[in-house]
Amino acid sequence: MSVQRRRGQLVRIWKTRTVVDQRGNPVILADADGPHAVIAAMVPQRSARAEVPGQAQINVMRMLVAADLDDVNLWSRVEWRGRLWDVVSP
């Protein structure tokens, strides 16, 4: 475990679960019943801001955590500093 992950920041990573929608299709959702609470190192990667205020802002952060978290994949969500983030790569 790196020094950054021992002294990092607390994040909550929402697990995923599969449910069946009204049409009978399996749908993968972020499950809020029991997120992982872990210490992570957050490293900024890149960001982009639209020229007109209020259009779009994209921030990409690299999050370093243990690799053995159960039920975490591309449909998971990360809660960090009071905001929800999408997972873009495993």
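This is a predicted model: local features need pLDDT of at least 70, side-chain atom pairs count only at pLDDT 80 or more; totals for chains, interfaces and linings use all residues.

Colleague: Okay. Which side chains does a polar contact of 3.2 Å join here?

Modeller: Those of Thr 16 and Asn 73. Thr 16 sits in strand β1.

Colleague: Is Thr 16 buried or exposed?

Modeller: Buried means under 20% relative accessible area. Thr 16 has 12%, so Thr 16 is buried. Leaving out residues up to four places away in sequence, Thr 16 touches Ile 28, Leu 29, Ala 30, Asp 31, Asp 71, Asn 73, Trp 75 and Ser 76.

Colleague: Asp 31 is in that list of contacts. Which residue does Asp 31 meet in a salt bridge?

Modeller: For a salt bridge, look for a side-chain nitrogen of Lys or Arg within 4 Å of a carboxyl oxygen of Asp or Glu. Asp 31 meets Arg 17 that way, at 3.3 Å from N to O. Asp 31 belongs to strand β2 (residues 26-49) and Arg 17 to strand β1, so this pair ties together parts 14 residues apart in sequence. Asp 31 is buried at 14% relative accessible area, while Arg 17 is partly exposed at 40%.

Colleague: How many salt bridges are there by this rule?

Modeller: The count is 3. Another one is between Arg 12 and Glu 79, whose closest N and O atoms are 3.1 Å apart. This pair links distant parts of the chain: Arg 12 is in strand β1 (residues 9-20) and Glu 79 in strand β4 (residues 77-80), 67 residues apart. Both partners are partly exposed, Arg 12 with 34% relative accessibility and Glu 79 with 26%.

Colleague: And which residue forms a salt bridge with Asp 86?

Modeller: That's Arg 77, with the closest N and O atoms 3.4 Å apart. Asp 86 is exposed, at 57% relative accessible area, whereas Arg 77 is partly exposed, at 31%.

Colleague: Let's switch to aromatic rings. How do I describe a pair of them?

Modeller: You give the distance of the centres and the angle of the planes. Searching the whole structure turns up 1 aromatic pair. Its rings belong to Trp 80 and Trp 85, with centres 5.6 Å apart and planes at 50°, so the pair is tilted.

Colleague: Why does that angle count as tilted?

Modeller: Planes under 30 degrees apart would be stacked and over 60 edge-to-face, so 50° falls under tilted. As for accessibility, Trp 80 is buried at 7%, and Trp 85 counts as buried too, at 16%.

Colleague: Which residues make up the largest nonpolar core?

Modeller: Think of buried nonpolar residues joined through side-chain atoms. The largest such core here has 10 residues: Val 11, Ile 13, Val 38, Ala 40, Met 42, Leu 69, Val 78, Trp 80, Trp 85 and Val 87.

Colleague: One last thing: what does Leu 69 touch?

Modeller: Setting aside residues up to four places away in sequence, Leu 69 touches Ile 13, His 36 and Val 38. Ile 13 and Val 38 are also members of that largest core, along with Leu 69 itself.

Notes: Residues are numbered from 1 along each chain as its sequence is written. Side-chain values use heavy atoms; hydrogens and water are left out. Rings of Phe, Tyr and Trp (its six-membered ring) pair if their centres lie within 6.5 Å; planes under 30 degrees apart count as stacked, over 60 as edge-to-face and the rest as tilted. Buried means under 20% relative accessible area, exposed over 50%, partly exposed in between (1.4 Å probe, protein chains only). Helices (H or I, at least four residues) and strands (E, at least two) are DSSP runs, numbered from the N terminus. A nonpolar core is a set of buried Ala, Val, Leu, Ile, Met, Phe, Trp, Tyr and Cys residues joined through side-chain atoms within 4.5 Å. Contact means heavy atoms within 4.5 Å. A polar contact is a pair of N or O atoms within 3.5 Å; within protein, one must be able to donate a hydrogen and the other to accept it, and residues adjacent in sequence count only if both atoms are side-chain atoms.
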